[in-house]
Every structure is written in C-alpha cells, then in structure tokens.
Amino acid sequence: LLRTHVVPSARFTGGLLPSPLGDRLYATTRTHGLIAIDLVSDSTFSVLNPAPCSGGLSVTPSGGEVMAVPPGDLGATPLAFGVPSDSTSGTITLGGTPSDISASPRGQSVYIANALYGRLQVMDVSRVSGSPGPTYHTVVADVPTGDWPVAVATNGDGGIVLVANAGSSSLSLYRTGGAPTLAAIVPSMGSPGDAIAVATVS
C-alpha cells in the first residue's frame with residue numbers, strides 16, 4: 001500500500017480516472033459530486049462540480065475538461081462538467097438517461113450512451129485557440145444503439161466506438177470518420193471463455 005486518501009462522507013459511485021499528467025485523481029460521488037484529489041502535494045480534494053454523479057466519467061486527452069453522468073434514479077438530470085484549470089463548472093442537458101461517457105482519444109468529442117433514448121450521442125468539446133467553438137457542448141451527431149445502452153468505450157486511436165446494450169444483450173460497434181458501421185455480436189449472450197463472431201453491416 002502506497003498511501004490512503006480519505007474523502008470524508010464521500011459515497012463513491014465508481015468513476016475513477018487519473019489526469020493525463022498523473023497529478024490528480026478524478027472521482028464521482030453521490031455526496032460531493034465530481035471531485036479531484038491532489039496526488040502530489042497534500043492529498044486534499046476539491047469539488048469540480050457538486051452535482052451528484054454516477055460511475056460514468058471521462059477526461060479529455062488534454063486534461064482540460066472532466067465530465068460525469070448523473071445517477072439514473074434522479075430522472076432526466078444533466079451531465080456535470082468541470083474545467084480544472086479555471087474551476088469553471090456547469091451542467092449540460094441532453095434529455096433521456098445518460099448512462100456512460102467516453103472521450104475520443106483525438107480530443108474533439110465525447111461519446112455518450114443514452115439509455116432511455118437508445119442512442120449513441122456525439123458531443124463536441126473542441127476548443128479553438130483555447131476558446132470554445134460554435135458547437136461546443138452540443139450534440140453534433142447521434143446513431144441508434146441496441147436496447148438500453150449502459151457503457152461506451154473507444155479503441156486506442158478513436159477509430160472504433162463500442163457500446164454495450166443491457167436491454168438487448170448485445171454489443172454495437174461503430175466506425176468514426178465516416179458513416180457509422182454497426183457490427184452484430186453472435187451469440188447475443190455468452191459466458192466467460194465462449195467464442196464469439198462479429199458480423200459487420202456495411
């Protein structure tokens with residue numbers, strides 16, 4: 001054990017990511033919202049956004065913005081975001097039930113699994129010379145998923161986005177940079193160690 005960080009009264013909800021420089025640890029909580037823990041100097045924590053957060057957490061590759069999804073039992077609550085460099089924070093209303101979020105490795109977008117809508121939403125987070133662009137924090141694209149998507153992730157270069165659908169026991173794969181390509185996973189349900197096949201739909 002290297003060290004222990006105590007966050008008084010925190011009800012952690014599962015989101016945990018280091019900053020790109022490794023000097024901070026971002027975490028989601030029900031009680032304190034989105035928090036940052038200092039890993040270098042004094043191990044104290046600061047609140048980036050007090051809105052209650054669930055386990056869906058994302059940090060842009062530059063470390064310029066941190067985003068978290070709300071708890072599903074609170075209804076159609078907005079995404080919470082924080083900008084560590086200037087302590088800016090706020091919320092973004094998307095509607096539906098955002099269940100997970102993942103930043104593109106290229107840094108221009110974040111991908112949001114919206115469970116209630118059954119959609120994968122693409123939101124712009126790009127900045128021009130440090131300032132937000134005209135479509136900043138708006139959904140610029142979305143595609144259908146399987147039933148009740150609950151998790152989203154990307155591959156290393158951001159060329160593939162993967163969504164896990166709880167309601168249809170399936171995975172959906174999309175290719176970025178062009179028309180989304182959905183790939184079916186066969187079988188739709190399996191156990192650890194089972195072989196699967198991926199069928200691409202062009």
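## Around Val110

Leaving aside residues up to four places away in sequence, Val110 touches Ser58, Met67, Ile101, Ser102, Ala103, Ser104, Gln121, Val122, Met123 and Val125. Contact here means heavy atoms within 4.5 Å. Keep in mind that this is a predicted model, where local features need pLDDT of at least 70, side-chain atom pairs count only at pLDDT 80 or more, and totals for chains, interfaces and linings use all residues. Residues are numbered from 1 along each chain as its sequence is written, and side-chain values use heavy atoms, with hydrogens and water left out.

## The nonpolar cores

Val110 also turns up in the largest nonpolar core, which has 13 residues; Met67, Leu79, Ile92, Ile101, Val110, Ile112 and Met123 have the most contacts inside it. A nonpolar core is a set of buried Ala, Val, Leu, Ile, Met, Phe, Trp, Tyr and Cys residues joined through side-chain atoms within 4.5 Å. At least two residues of this core come from each of strand E7 (79–83), strand E9 (98–103) and E10. The biggest giver is E7, with three residues. Another core lies apart from this one and has ten residues, including Leu57, Val66, Ala68 and Ala80.

## The overall build

The protein has zero helices and 19 strands. Both are DSSP runs numbered from the N terminus (helices are H or I, at least four residues; strands are E, at least two). Of the 202 residues, 41% are buried. Buried means under 20% relative accessible area, exposed over 50% and partly exposed in between (1.4 Å probe, protein chains only).

Take the contacts between residues at least 6 apart in sequence: 33% of them join residues at least 24 apart. Accessible areas come from the Shrake-Rupley method with a 1.4 Å probe, and for residues only the protein chains shown count as cover.

## One salt bridge

The count comes to one salt bridge, taking that as a side-chain nitrogen of Lys or Arg within 4 Å of a carboxyl oxygen of Asp or Glu. Asp142 pairs with Arg119, and the closest N and O atoms are 3.0 Å apart. Asp142 sits in strand E14 (residues 139–144) and Arg119 in strand E11, so the pair ties together parts that are 23 residues apart in sequence. Asp142 is partly exposed at 36% relative accessibility, and Arg119 is partly exposed at 25%.

## A nonpolar surface patch

Leu116, Tyr117, Trp148 and Val150 form a nonpolar patch on the surface, together showing about 390 Å² of accessible area. Leu116 belongs to the loop between strand E10 (109–114) and strand E11 (119–124), and is exposed, with a relative accessible area of 52%.

How values were computed
Patch = residues over 30% accessible without salt bridge, like charges linked within 9 Å, V, L, I, M, F, W, Y side chains within 5 Å.
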